[in-house]
Amino acid sequence: MPTFTTCDGTELAYRVQGEGAPLVCLAGGPMRDAGYLGDLGGLTAHRALVLLDARGTGASAAPADPGTYRCDRQVGDVEALRAHLGLERIDLLGHSAGGNLAVLYAAAHPERVRSLVLVTSLARALGIGTTDEEWDEAAEVFADRPWYPEARAALDATGPDTPLRRVHEITAPFAYGRWDAAAQEHAAGSGRETNWEAAPAYHGAGAYDPEATRRALGALTAPVLVLAGEYDAGPTPAKAAEAAALFPHAELVVQPGAGHYPWIDDADAFVRPLAAFLDPAVRTVTVDGVRIAHRVTGPEDARPVVLVHGRGENSTTWTEIAADLAADHRVYALDLPGHGLSDRTGRYGFEDFRDELGGFLKALGLTGATVVAHSMGAGAAYLLARREPGLIGRLVLEEPPAFAPLDPPRPVAERPEGPLAFDWAIVPTTDAQLNAPDPAWRADLPAITVPTLVLAGGETSHIPQEQLALLADRIPDARLVTIETGHLIHNARPAEFLAAIREFGI
């Protein structure tokens, strides 16, 4: 493991996992070996995690002065790591107790923080705590679990003389969204990974000055993401919201069904908001409680174009098209819910995608924008144009579904092996609608009054081309252009695709 020497001469160790821009990660515990963070649910696919073993933990040396285990006295260790890595500014993540160290570092060195992520961190550094009564009330969410009576009895039997290690063992089941084998294995590591002698000093007297820290954070211009677990008792979502409100530029994400270790409870649900937040090319907007990730390029004052992908794809499918359009447009390429870095909602009908696309346009003030949509996304787009005629200015439908009943119908699809970049639940839901679509979806095509371009892929497409011709014929102000290449025109023939939409007036 690589090492560096910090301000008081203590040699500290860290490990690097993954590829990409570095994300400095501070472990909790307090005083637990950073190894328990693992790859943070697969966040290593997006960033290189720099996992610091705090002094006296993991492979780091113990300091000569045990008083330096106190949280505020470890701020210099983070700054020494930044300098050692040769980074002008750092993206910084703190979990649990490590979030307090991250906050103190941001307060002391606001100009050195590019972004800050606080994961299930009770913000003692900001003066936010949880009483025993609040903790007990929050833990009642587990009252119907089979392990609860025994764990509750053990918890009630603890007192001020109960060793900290034993307290952690007793409270472990309450720290996970589900107390399954994976959670139990993860929790078991705490005993051997924590410096139990040093842990009490971390939050020791004098570690925090909340008022001074709050004032100092006024100079923090970096964006902040506060992530809470729905079932976590410390912090509860309400306490996390209280902490988020103290930063100049913060957003709160509450992970459904998660506890204090959300990457163990649901790795995908944990990684998506973090990856979106940490990627400077990605933004998010919340529509009816659903976080929709999107990429924005082009001049701010240029005409807006919204790009909508097909089933199983995401905003990156438009990379080449977006780069060209960004020369004279403000381009918004979104990840539909269930895809890419957007939330998984479990609601995936064409009407749901229609409503979420409409909410996206309204939330960003894009009424009258041109919408360019492919396949499933095109189906949602023309249902939206039919329902809300004034919301879309011009419409490009690349290989859209015609919503004619499929004959023969699609058979039930089997989920492929391995991880997917989208929620598989989308497939059976939309297949069922394609097999037996709502008749009104075709009957009301004349209600689409915006200028519309239908792009067909020709004979190698799986979409019956005669149906696309009929669809274009029934939309009053529509034209049909065929580019003989199959279903993925914008990928297979980007130059011809761009020529067609440019000639259409985009």
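**Burial and packing**

Ile426, Val427, Thr430, Asp431, Gln433, Leu434 and Asn435 are the buried residues of helix 16. Buried here means under 20% relative accessible area, exposed means over 50%, and partly exposed lies in between, with a 1.4 Å probe and protein chains only. Helices (H or I, at least four residues) and strands (E, at least two) are DSSP runs numbered from the N terminus. The model is predicted, so local features need pLDDT of at least 70 and side-chain atom pairs count only at pLDDT 80 or more, while totals for chains, interfaces and linings use all residues. Residues are numbered from 1 along each chain as its sequence is written, and side-chain values use heavy atoms, with hydrogens and water left out.

Helix 16 spans residues 426–435 and is mostly covered, with seven of its 10 residues buried. These buried residues pack against helix 14, helix 15 and helix 17 (440–443); contact means heavy atoms within 4.5 Å.

Two of these neighbours lead further into the structure.

Two strands pair if DSSP finds at least two bridges between them.

Strand 10 (residues 290–297) and strand 12 (residues 329–334) are antiparallel, over four bridges, and Arg295 has Ala333 in strand 12 as its bridge partner. Strand 15 (residues 452–456) and strand 16 run parallel, joined by five bridges, with Leu453 opposite Arg479.

The loop between strand 10 and strand 11 holds Glu300, which is exposed at 71% relative accessibility. Glu300 and Arg330 are 30 residues apart in sequence, but their C-alpha atoms are 6.0 Å apart.

Now the nonpolar side of the packing. A nonpolar core is a set of buried Ala, Val, Leu, Ile, Met, Phe, Trp, Tyr and Cys residues joined through side-chain atoms within 4.5 Å. The largest one has 49 residues, and Val306, Phe360, Leu361, Val371, Leu395 and Leu397 have the most contacts inside it. Helix 15 (residues 375–387) gives the largest share, eight residues. Leaving aside residues up to four places away in sequence, Phe360 touches Val285, Val287, Ile292, His294, Val306, Tyr332, Leu334 and Leu366. A second, separate core has 47 residues, including Val50, Ala102, Leu104 and Ala199.

Several backbone details remain. Most residues other than glycine have a negative phi, and most peptide bonds are trans. Ser375, in helix 15, has a positive phi near 50° and is buried at 14% relative accessibility. Leu40 also has a positive phi, about 50°; this residue sits in the loop between strand 3 and strand 4 and is buried at 1%. That loop, between strand 3 (22–26) and strand 4 (48–52), also holds Pro30, whose peptide bond from Gly29 is cis with omega near -5°. Another cis bond joins Gly234 and Pro235, with omega about 10°; Pro235 lies in the loop between strand 7 (224–229) and helix 10 (237–244).

A search of the whole structure finds zero disulfides, a disulfide being a pair of cysteine sulfur atoms within 2.5 Å. Cys25 is buried at 0%, but its sulfur is 16 Å from the closest cysteine sulfur, in Cys71, and so too far for a bond. Cys71 is likewise buried at 0%, and its sulfur is 14 Å from the closest one, in Cys7, again too far for a bond.
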